[in-house]
Amino acid sequence: MAQETMSFQTEVKQLLQLMIHSLYSNKEIFLRELVSNASDAADKLRFEAIADGSLLENDPDLRIRVTHDAAARTITIDDNGIGMSRDEAIANLGTIAKSGTRDFFDRLSGDQQKDAALIGQFGVGFYSGFIVADRITVETRRAGKPAAEGVRWESAGDGEFAIETIERAQRGTTITLHLRADEDELLSSWKLKSLIQKYSDHIALPILMQKEEWDAEKSEMVVKDEFETVNQASALWTRSKNDIDAEQYTSFYKHLAHTQDDPLAWTHNRVEGRTEYTQLLYLPSKAPFDLWDRSQRGGLKLYVKRVFIMDDAEQLLPSYLRFIRGVVDSSDLPLNVSREILQESRDVRAIRDGVTKRVLSMLEELAENEADKYATFWGEFGQVLKEGIGEDNANRERLAKLVRFSSTHDDSDAQKVSLAEYVGRMKESQTKIYYVSADSWRAARNSPHLEVFRKKGIEVLLLTDRVDEWMLSFLTEFEGKPIASVARGDLDLVPDEAEKEVQEQVGDALKPLVEKAKEVLKDKAKDVRLTFRLTDSPSCLVADDGAMSGYLQRMLKAAGQNAPAAQPILEINPEHPLVKQLSADTPHIDDWCHLLFDQALLAEGGSLEDPNAYVRRANSLLLAAAGK
Ligand SMILES: Nc1ncnc2c1ncn2[C@@H]1O[C@H](COP(=O)(O)OP(=O)(O)OP(=O)(O)O)[C@@H](O)[C@H]1O
C-alpha cells in the first residue's frame with residue numbers, strides 16, 4: 001500500500017508541544033519510556049503465546065536491543081515483542097487512547113517536575129521520544145502476521161505522521177530516533193548504558209548493547225557486532241532481599257507506578273505454605289489524581305511464575321488499600337487465569353488476606369518508628385484507610401490503631417492523635433471517648449458543644465472528613481471505651497455535688513420556661529431541656545441517643561440520599577445572660593424560643609428552613625430591646 005499521511009489527534013499535538021518545551025530538563029526519561037514499552041510488548045507476547053505457541057515463531061528469546069549510529073545520528077530501540085498491525089500503529093501512535101487525556105491537560109501545573117511526573121501517569125510515554133528527536137521512525141510487525149504486513153510509521157512530531165506497509169521479516173518493533181541537532185551527547189555507548197542502568201536496570205528482559213573494545217591502533221573505542229546484556233535482567237522481586245539495594249527498589253517502584261516520586265516504604269517477602277507467592281508492595285508518597293474514584297481500577301500487577309498476567313488486579317487488594325502499588329507473583333494460579341477466575345479463587349483470597357496483613361504491618365511499623373513518614377502517609381491516604389474500618393471486619397481493631405484525628409489537645413488541624421494516645425490522656429472519671437463532627441476544622445473547634453469539655457479539661461476529637469461519621473458507625477468503641485458524639489444524647493459528665501445542687505435549683509426555677517419552649521417548638525424540636533454543657537452559647541442542638549446527628553443528616557442529604565428526618569433536642573444554657581432574662585411570660589417569648597433554636601442550628605453549620613422568619617423575629621426583638 002502506498003504511503004499515507006495522517007493527522008495526529010489534537011491532544012497529541014498539544015502534548016507534543018508541551019513535551020518538547022517543558023520536559024526538556026527531564027529529557028533522559030525518553031529511554032526509560034521506550035524501553036518500558038518494549039518490555040510491555042514482550043510481556044504481551046509471552047502472555048498471548050501461552051494460548052498460541054506459534055506466535056513465538058523461531059525467535060523465542062525475548063530481548064531488547066539498544067544501538068546507536070554516530071554517523072547517521074540515530075538511536076534505535078528494537079524489541080521482538082508483540083509488535084503492531086497497521087491499525088494498531090495508527091491508533092496507538094496517533095492518538096492518546098486513554099480517557100484521562102482531558103484530565104491530563106487540566107492538571108498541568110506549569111511546574112516541570114510535576115508535569116513530567118504526570119506524563120507517565122497518563123500513559124503518553126512514546127511521544128517523549130520527540131524531546132530528543134526531530135523525527136521518529138517506527139518499523140513493526142504484529143506477531144503472527146506475515147512478513148508482507150510490516151508497517152513503517154514516521155513523523156517529525158509536527159502534527160502529521162506517514163504510514164505505509166512494508167516487508168518486514170522480524171517480528172516486533174524497531175524505533176529509530178533521529179536526534180535533534182544538540183543531542184550528540186546521547187551518541188555514546190557509555191551514556192546510553194548509564195541511562196539504562198539508572199532507569200531500566202530492573203526490567204526483567206535482557207537489554208542488549210553492542211560490545212565496545214579499546215582499539216590500540218586507532219586509539220579509540222570500537223563497536224563490535226557482538227551484543228552483551230547491560231541490565232540485571234531478572235525480575236527484581238525474584239531476587240533475594242539481600243541482593244537488592246534501596247536505589248534498585250526505588251527505581252523499580254518508579255517504573256511500576258509511573259512516577260518520579262520516591263516511595264515512602266516497601267515490603268518484600270516470599271510466602272510459603274498452602275498458597276505460595278512472592279509479594280513486593282510499595283507505599284507511595286503521593287496520592288494519584290484519581291484516588292477518589294472508587295471505580296478506578298487500582299492494585300497490583302499479577303504475575304504467575306514470572307509471566308506477566310495482568311495490571312491492576314484489584315482482587316488482590318481490598319478497595320481501601322487501592323493506593324498500594326506492587327507485584328504479586330503466584331506459583332499456584334493457572335497461567336490462563338482471568339479476572340472472573342480471580343474472583344472465585346481460594347488462592348486469590350489467601351493472597352488478598354496475606355497482602356492486607358503485610359500492608360498493615362508495614363503501616364504499623366511506620367507509625368511506630370517513622371512518625372514523619374507516617375504523617376505524610378496519613379495526609380495523603382488517611383481518608384481512604386478509614387474506609388477499611390467499615391469494610392474490613394477482620395482487621396478493624398488493627399485499623400482503629402492506625403487512624404489519626406485532630407483534637408482539642410494540640411489545637412491543630414493536623415490529624416495526629418491516635419485513639420490509644422487519647423485513651424492514655426483520659427481523665428480518671430471519664431468513661432467515653434468524645435468527638436464532635438463538622439464541615440471544617442474551624443467549625444468543629446468552635447462548636448458550642450465543646451464548651452463544657454473545655455471547662456472540664458476533657459479532650460475531644462475534631463472530625464471533619466466526610467467518611468468520619470460513617471466510619472464511626474462501625475467503630476463504636478476502642479479498648480472497651482465507647483466512642484461518643486458530644487452532640488448526641490445525655491452526657492455522662494458527672495457533675496460534682498455543688499454543681500448538682502445548683503443545677504437542681506436552676507432546673508426548678510426554669511421549668512415553666514422549658515415547658516413553654518417545648519410547646520412553641522413542638523414542630524421543630526423533639527424535646528427541650530436545660531443543659532450545663534454550654535458556657536458561652538445560649539443554646540445548642542443535640543441528637544437523641546441512637547439518632548443521626550444533624551451533621552450526618554445534612555451530609556447524606558447533600559449526597560442525594562434520603563436521610564430519615566429526626567428532630568433534634570434543643571438544650572438551653574440557664575447560665576447564659578440572655579436566658580437569664582427570659583421566663584415563660586416574657587413579652588414575645590414565642591419569638592425568643594424560635595431564636596434560641598435557629599441560632600443553635602446556625603452555630604452547628606445547619607441552614608434555616610425559613611431564613612426570612614428568622615430575620616423578621618430577630619428584628620422585632622431588637623426593636624423591642626431598643627424600646628421602639
Ligand atoms: N515497542 C512497542 N511494541 C508494541 N506496541 C507498542 C510499543 N510501544 C508502544 N506501543 C503501543 O503504543 C501504545 C502507546 O504507548 P505509550 O507509551 O504512548 O503509552 P502506554 O505504554 O500505553 O502508557 P504508559 O507509558 O503509561 O505505559 C502502547 O499502549 C502500545 O499499545
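Reply: At least two residues of the lining of the largest cavity come from each of helix 2 (29-51) and helix 7 (246-257). This is a predicted model, and a search of the whole structure finds 2 cavities of 30 Å³ or more. The largest cavity holds about 50 Å³ of space.

Its lining is made up of R32, E33, S36, K254, H255 and H258. Helix 2 contributes the most to this lining, 3 residues. By class, the lining has 3 polar and 3 charged residues, and no nonpolar ones.

The position of the cavity follows from the domains. The chain is assigned domain 1 (4-229), domain 2 (236-369), domain 3 (404-485) and domain 4 (497-625). Because domain 1 and domain 2 both give residues to the lining of the largest cavity, this cavity lies between them.

The second largest pocket can be set beside it. Its volume is about 980 Å³. It is lined by 41 residues, and Q553, R554, P568, L601 and S607 are the closest to its centre. Among the elements that give two or more residues to this pocket's lining are strand 17 (433-437), helix 17 (550-558) and helix 19 (589-603). Helix 17 has the largest share, 6 residues. The pocket's lining divides into 20 nonpolar, 10 polar and 11 charged residues. Domain 3 and domain 4 both supply lining residues, so the second largest pocket lies between those two domains.

Note on methods: Residues are numbered from 1 along each chain as its sequence is written. This is a predicted model: local features need pLDDT of at least 70, side-chain atom pairs count only at pLDDT 80 or more; totals for chains, interfaces and linings use all residues. Side-chain values use heavy atoms; hydrogens and water are left out. On a 1 Å grid over the protein atoms alone, a cavity is a set of points where a 1.4 Å probe fits but cannot get out, and a pocket is an open set with protein on both sides within 12 Å along at least five of seven lines; lining residues have an atom within 4 Å of a point. Grid points are joined across faces, edges and corners, and a volume is the space filled by probe spheres set on the points. Helices (H or I, at least four residues) and strands (E, at least two) are DSSP runs, numbered from the N terminus. Ala, Val, Leu, Ile, Met, Phe, Trp, Tyr, Cys and Pro count as nonpolar, Asp, Glu, Lys and Arg as charged, and the others, Gly among them, as polar. Domain bounds come from an automatic or database domain assignment.
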